[in-house]
Amino acid sequence: MSIITLVILVNTNTIQMSPRERIKFEKVLYRPQEGYPDNYTDNELFLKSLSKNKNLHTYSFWDCTYHGQFPLQQLSSTIVFFLLHFMEITVSDSMLYLMALVTVMGYLAIFGYSLHEIRTVVLLGGFLFGLSPIIQTLTKTISDDTIYAMASICLLINFCLHDYSTLNGDYMSKCVSLNAGIFAAVCLASRLDDLNNVLGTIVFAILIYGILPPLRKRTSKHIMPLCTFVFVSVALYLAHLHAPIVIYPILVSVLACLIIVPLLFVQIQKQKDNIFGPWDEAVLKDLGCEATRDITAE
């Protein structure tokens, strides 16, 4: 075989070889992939990076039961607030001072005992005391049915938009929930004739809707069941005295929040199937923030 014939055969074989046989495909962007289209996917690399339920955190039944106590406490406190209004309890000066003292101590425990916070408490207390006569006669021209309907809607909004998370953060729904609860208290207080009852209603609303939720997040898991038992017991007792028909919704809520919903959640989370792969958007992790969060948690 002559040299010219050998060269022709080599060139012919080179022409017949496809680019994919001459250049191995690599999944990189910094090197040109000649002979491969932009949307080419190698069968050996296809779904190689696929992962399911990455970093999945599963909750046990007791974890779900613990978190279910938050809406149960909120519902119980709302029922207590509403029933106390209809029981027409006369608020004495000592009771008013006690509620105000507990509210102030709770506020300072949350935000600190600085001079700025103490000044804020004094200003808010002065405004509330000065506006009490106006609140007392604010809705005299509005019928009782309208006032009670508005208060019920606001309390429902407060319950639905309340922040039930165990983390401290700024959420829009938390502000709306707090404002709805205070507005419901103003509506109910405007139906009262005694000035102490008006002040007591507003202060009690600030206590259960503004002070207790942040303190609830700082409560230990071991003390939380005792707090839930106290809230539910007081709600059942007041319902037994004034509105026995309310006992049944309270018991249904207890079963739903502590048994039924946790069991359903534990069963449903087994069907969770999240797919992660190279097609997902890149997520930048702030290692400094994560380290700080871990140190704070410890």
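The largest cavity of this predicted model is lined by Phe-70, His-162, Asp-163, Ser-165, Pro-213, Arg-216 and Lys-217. Here a cavity is a set of points, on a 1 Å grid over the protein atoms alone, where a 1.4 Å probe fits but cannot get out, and lining residues have an atom within 4 Å of a point. The volume of the largest cavity is about 30 Å³, where a volume is the space filled by probe spheres set on the points, and grid points are joined across faces, edges and corners. The count of cavities of 30 Å³ or more comes to 1. Helix 8 supplies the largest share of the lining of the largest cavity, with 3 residues. By residue type, this lining holds 2 nonpolar, 2 polar and 3 charged residues. In this division Ala, Val, Leu, Ile, Met, Phe, Trp, Tyr, Cys and Pro count as nonpolar, Asp, Glu, Lys and Arg as charged, and the others, Gly among them, as polar.

Lys-217 lies in helix 8, which covers residues 195-217. Helices (H or I, at least four residues) and strands (E, at least two) are DSSP runs, numbered from the N terminus. Lys-217 counts as buried because its relative accessibility is 17%; buried means under 20% relative accessible area, exposed over 50%, and partly exposed in between (1.4 Å probe, protein chains only). The side chain of Lys-217 makes a polar contact, at 2.6 Å, with the side chain of Asp-163. A polar contact is a pair of N or O atoms within 3.5 Å; within protein, one must be able to donate a hydrogen and the other to accept it, and residues adjacent in sequence count only if both atoms are side-chain atoms.

Open spaces were also identified. A pocket is an open set of grid points with protein on both sides within 12 Å along at least five of seven lines. The largest pocket holds about 1100 Å³ of space. Its lining consists of 40 residues, of which Thr-103, Tyr-107, Leu-124, Ile-206 and Ile-211 are the closest to the centre. Helix 4 (93-111), helix 5 (115-136), helix 7 (172-189) and helix 8 each give two or more residues to this lining, and helix 8 gives the most, with 11 residues. The lining of the largest pocket divides into 24 nonpolar, 10 polar and 6 charged residues.

The second largest pocket has a volume of about 480 Å³. Among the 18 residues of its lining, Leu-84, His-85, Ile-89, Val-91 and Thr-201 are the closest to the centre. At least two residues of this lining come from each of helix 3 (61-86), helix 4 and helix 8. The lining of the second largest pocket comprises 10 nonpolar, 4 polar and 4 charged residues.

Two further residues were examined. Asn-158 belongs to helix 6 (residues 144-160) and counts as buried because its relative accessibility is 1%. The side chain of Asn-158 reaches the backbone oxygen of Ser-177 at 2.7 Å. Leaving aside residues up to four places away in sequence, Asn-158 touches Gln-74, Thr-78, Ser-177, Leu-178, Ala-180, Gly-181 and Tyr-209; contact means heavy atoms within 4.5 Å. Leu-241 sits in helix 9 (residues 224-242) and, because its relative accessibility is 46%, counts as partly exposed. A distance of 9.0 Å separates the C-alpha atoms of Leu-241 and Met-87, which are 154 residues apart along the chain.

The chain as a whole contains 11 helices and 2 strands. From the N terminus, the order of the elements is α-α-β-α-α-α-α-α-α-α-α-β-α. Of the 298 residues, 29% count as buried. Among contacts with a separation of 6 or more, 74% are between residues 24 or more positions apart.

Confidence is given as pLDDT, the predictor's confidence in each residue, from 0 to 100. The mean pLDDT of the chain is 81, and 82% of the residues reach 70 or more. The highest mean, 94, is found in helix 10 (residues 247-268), and the lowest, 39, in helix 1 (residues 3-16). The pLDDT is below 50 over residues 1-17, a stretch with 4 contacts in the model beyond near neighbours in sequence. Residues 289-298 also stay under 50, and the model has 1 contact for them beyond four places in sequence.

Residues are numbered from 1 along each chain as its sequence is written, and side-chain values use heavy atoms, with hydrogens and water left out. In this predicted model, local features need pLDDT of at least 70 and side-chain atom pairs count only at pLDDT 80 or more, while totals for chains, interfaces and linings use all residues.
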